[in-house]
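Please look over the fold below before reading on.

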Amino acid sequence: ADDNQTFESWNALQLQYEPIEKLSLSLEAQLRLKSVGETYNMSLVEAQAQYELQPFLDLGVGYRNSDRLDDVGKKQGHEKYNRFFGFAQVKTAFDQFDLRFRVQHQVKTQRDVTEDPKDNSRWRYKFSSRYNVPNWDVDPRVSIEFFMLDELYSSEAYDKFRLSLGSKKRFSNSSALSFKYLYEKEVGITAPASYHILSLRYEFLFQPKAE
């Protein structure tokens, strides 16, 4: 049996605002809990801006401020990080499928640590799809994402992947609940950890008032 399995829940509230057509701003607060060791794993606040440059192309930038509890090893305690990221996303539709491919680069730096901070940068490649079921508002969504440490592409830099399966339930034009199961696994090391994650995110959209 794989002893390096962890079960987590990611719980988030996301506020979205569209000040002009094609531009979407979002602010998300998230709490991550786990089943092994200390229950608290991480809390974060993330701000993101996304712009539809073309009908098939989105560009975005964002910032994440996170607090993570390291409860493994001799040196335990809270670790605080800044993360800046940018991405490009290509999207298309085929029959009942919406298909998307996103390339993201992120740079993460540890705050308040002068000696050997746990900084890193990553490239991430995500394929996602949504199937539009006729007369059904909870369309299934699947994705797979590959993480590359430091390099654009290298088999040695590839260190984990993440699968997801879920959906989104819209309650009105302004509110929705996104729910999914994620499976994440490390690769390329002798004792890879794997994670089973239940993610719930309540989304609220602020619409600017019409003139």
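Q30 has L44 in β3 as its bridge partner, in a model that is predicted rather than determined by experiment. The pair can be read against the pairing of β2 with β3 (residues 40–54), two strands that run antiparallel and are joined by eleven bridges. Both strands belong to a barrel, which eleven strands close in the order β1-β2-β3-β4-β5-β6-β7-β8-β9-β10-β11, with mixed pairing. From one strand to the next, the twist averages 20°.

**Strand pairing around the barrel**

- β3 pairs with β4 in the antiparallel sense over twelve bridges, and these two strands form a hairpin that leaves two residues between them.
- β6 and β7 run antiparallel and are joined by twelve bridges, and the bridge partner of R102 is K126 in β7.
- β7 is joined in turn to β8 (residues 141–149) by nine bridges, with the two strands running antiparallel, and Y125 has F146 in β8 as its bridge partner.

**N82 in strand β5**

- N82 lies in strand β5, which covers residues 77–94, and its relative accessible area of 16% makes N82 buried, because the cut-off for that class is under 20%.
- The side chain of N82 is joined to the side chain of Y63 by a polar contact of 2.6 Å.

**L69 in strand β4**

- L69 is placed in strand β4, residues 57–70, and counts as buried because its relative accessibility is 13%, which falls under the 20% cut-off.
- Not counting residues up to four places away in sequence, L69 touches E38, Y40, N41, G77 and H78.
- D98 is 29 residues from L69 in sequence, while the C-alpha atoms of L69 and D98 are 37 Å apart in space.

**Loop residues and backbone angles**

- As a general point, most residues other than glycine have a negative phi, which is the background for the two residues that follow.
- K22 is not a glycine and yet has a positive phi of about 80°; the residue sits in the loop between β1 (5–17) and β2 (23–34).
- K22 counts as partly exposed because its relative accessibility is 44%, a value that lies between the cut-offs of 20% and 50%.
- D112 likewise has a positive phi, near 65°, in a residue other than glycine, and D112 is found in the loop between β6 (97–110) and β7 (120–131).
- With a relative accessible area of 70%, D112 is exposed, since the cut-off for that class is over 50%.
- T114 is also found in the loop between β6 and β7, and T114 is exposed, with a relative accessible area of 84%.
- T114 and G62 are 52 residues apart in sequence, and their C-alpha atoms are 25 Å apart in space.

**The second largest pocket**

- The second largest pocket has a volume of about 270 Å³.
- Its lining is made up of 14 residues, and those that lie nearest the centre of the second largest pocket are K75, E79, Q110, V113 and K118.
- β5 provides four residues of that lining, the largest share, and β5 is also the strand in which N82 lies.

How values were computed:
Residues numbered from 1 in each chain as written. Heavy atoms only, no water. Buried < 20%, exposed > 50% of the residue type's maximum accessible area, 1.4 Å probe, protein only. Polar contact = N/O pair within 3.5 Å; in protein donor to acceptor, adjacent residues only side chain to side chain. Pairing = 2+ DSSP bridges. Axes fitted to C-alpha atoms, helices over the stretch in contact; angles between N-to-C directions. 1 Å grid on protein atoms, 1.4 Å probe; cavity = no way out; pocket = protein on both sides within 12 Å on 5 of 7 lines; lining within 4 Å. Points joined across faces, edges and corners; volume = space filled by probe spheres on them. Contact = heavy atoms within 4.5 Å.
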